[in-house]
Amino acid sequence: MACNLSVSTLITYALSGAVVFFMVASSLSSQHMQATYHYSKPYFIVYATTSALSVMYPLLYIRCLIKARYANYVHLVEGQEDHHHHVDNHHHQRSGRSSSSSPSSRISLSCSNFLAYLESLTVGFSLRRVFVIAIPFSITWMISNYFFTLALRHTDTASALAIEQVATVFIFILSIIFLKMTIHWKKCLSLLICIGGVMMVAIGDSLMMENDNSNDKDDVDAPNRLLGDIFVVTCAAAAACYMVFFAKFMGDHIQSLESVCVWLGTIGVIVCLTMWPILIIFHFTNFELFELPHSTESIILFIIHIICAGFFNYLLNYGIMRVSPLYMRVVTICSLPVSFLLSYFAFNVKFLWWNVFGIILVLIGFTAYSVFELKINRSTDSDARLATSGDEHARIGSEMDGTSR
């Protein structure tokens, strides 16, 4: 049992590392695409990245075909071992019927099998209900991703980074209210250490910007800064609502990696089919002119961003289901020190001791929080197993008493 628990812990840490890696890769590719190669189309980038999640459905269809072929093969082999001649004749009859059947009937049968397969993945929910529930989640998804990118036009990165930590507080409060999360002082202290580390990084950013000779960010006036701060708070609230309510409403129905594909594919389809008119509105109002990436470098970065963002979103949603929204939020905070270290060693970006101390605090806070979170989860699982074992022993005892009487 201890081995299983250690393997589960290692899987959780591996999942956390993968989330941080793909988040940093996605952020850096988007940043360089917009800043270095001047392809600043935030809404189209978010729209294309989210719409690309609809590729989950073709992947699930291929998975369904492979499982059906494998099941037919196993059934045929088992039948040949038991009733070789009978199954052989029956197989020829089926082959004759399938060859005479029309292509449209075969397509219809394949689609019906695929729909049945999808509904088997969302435990207790029909596919139609999943689509209905995913509509408000798609809206909060787009708001969270788009408004933070838009806020960087009106405020500096340090302010946005600091204010965005409101999402952690939102998730903490919403988890207590809706997920009935138990408050532990050790977890609260670890969370405060993480947030304090982010604040120190933000202070270091602002000090570096004051020492910088360029005035790109210093030209932002107060009303624009206020608007940018409002965008960041809106983004934080939307992200918190998505993570907490996803765990509340879909936690019992999204129970496998394949079911996460159904959920994300549904969001991708909804965004792709319903939110393209905003591209047209933005284009004709000159708010964001529609333009595809023009240079080879920007196209490569665009593709890298879509792939990395897809993996990040997939692993993040799986982590919410596997552990908790607040834990995955703390994991995303760890992308901050990783991105700073990568910028320092790969791009020779300088930073101050404020940043160093902030990175250390974030790492300490994450390590402590993850240890406490996983320890609490292990004790909860152990209590659940003991309760189940006690119920089983009581049932057996009652049956034995009834038999003796």
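Student: How many aromatic pairs does the count come to in this structure?

Tutor: Rings of Phe, Tyr and Trp (for Trp, its six-membered ring) are paired if their centres lie within 6.5 Å, and a pair is called stacked with planes under 30 degrees apart, edge-to-face over 60, and tilted for the rest. By this rule the count comes to 23 aromatic pairs. One of them joins Y39 and F302 edge-to-face, with 6.4 Å centre to centre and 85 degrees between the planes. Y39 lies in the loop between α1 (2–35) and α2 (42–51) while F302 lies in helix α13, so this pair ties together parts that are 263 residues apart in sequence. The helices named here are DSSP runs of H or I with at least four residues, numbered from the N terminus. Keep in mind that this is a predicted model, in which local features need pLDDT of at least 70 and side-chain atom pairs count only at pLDDT 80 or more, whereas totals for chains, interfaces and linings use all residues. Residues are numbered from 1 along each chain as its sequence is written, and side-chain values use heavy atoms, with hydrogens and water left out.

Student: Are Y39 and F302 buried or exposed?

Tutor: Burial is read from relative accessible area, where buried means under 20%, exposed over 50%, and partly exposed in between, with a 1.4 Å probe and protein chains only. Y39 is buried at a relative accessible area of 1%, and F302 also counts as buried, at 11%. F302 forms a stacked aromatic pair with F44 as well, the ring centres being 5.9 Å apart and the planes 5 degrees apart. That pair links distant parts of the chain, since F44 is in helix α2 and F302 in helix α13, 258 residues apart. F44 is itself buried, with a relative accessible area of 10%.

Student: How many residues of α2 are buried?

Tutor: Helix α2 is mostly covered, with 10 of its 10 residues buried.

Student: How many salt bridges does the structure hold, and which side chains meet in them?

Tutor: Side chains of opposite charge can pair when their charged atoms come close. The criterion used here is a side-chain nitrogen of Lys or Arg within 4 Å of a carboxyl oxygen of Asp or Glu, and the structure holds 2 salt bridges. In one of them the side chains of E291 and K41 meet at 4.0 Å, N to O. E291 lies in the loop between α12 (276–284) and α13, and K41 in the loop between α1 and α2, so the pair ties together parts that are 250 residues apart in sequence. E291 is partly exposed, with a relative accessible area of 38%, whereas K41 is buried at 12%. There is also a salt bridge between E258 and R63, whose closest N and O atoms are 2.7 Å apart. This pair links E258 in helix α11 to R63 in helix α3, 195 residues apart, and R63 is partly exposed, with a relative accessible area of 40%.

Student: Helix α11 has come up; what should its 18 residues span?

Tutor: The expected span of a helix is 1.5 Å times one less than its number of residues. For α11 (residues 257–274) this gives 26 Å, and the end C-alpha atoms are 26 Å apart, which agrees. As for cover, 13 of the 18 residues of α11 are buried.

Student: Which residues form a nonpolar patch on the surface?

Tutor: Patches are made of residues with over 30% relative accessible area and no salt bridge, like charges being joined within 9 Å and nonpolar side chains (Val, Leu, Ile, Met, Phe, Trp, Tyr) within 5 Å. Here V55, L59, I62 and I66 form such a nonpolar patch, with about 360 Å² of accessible area together; the areas come from the Shrake-Rupley method with a 1.4 Å probe, and for residues only the protein chains shown count as cover. I62 is found in helix α3 (residues 56–82) and is partly exposed, with a relative accessible area of 46%.

Student: How many disulfides does a search of the whole structure find?

Tutor: A disulfide is a covalent bond between the sulfur atoms of two cysteines. With the criterion of a pair of cysteine sulfur atoms within 2.5 Å, the search finds 0 disulfides.

Notes
Helices (H or I, at least four residues) and strands (E, at least two) are DSSP runs, numbered from the N terminus.
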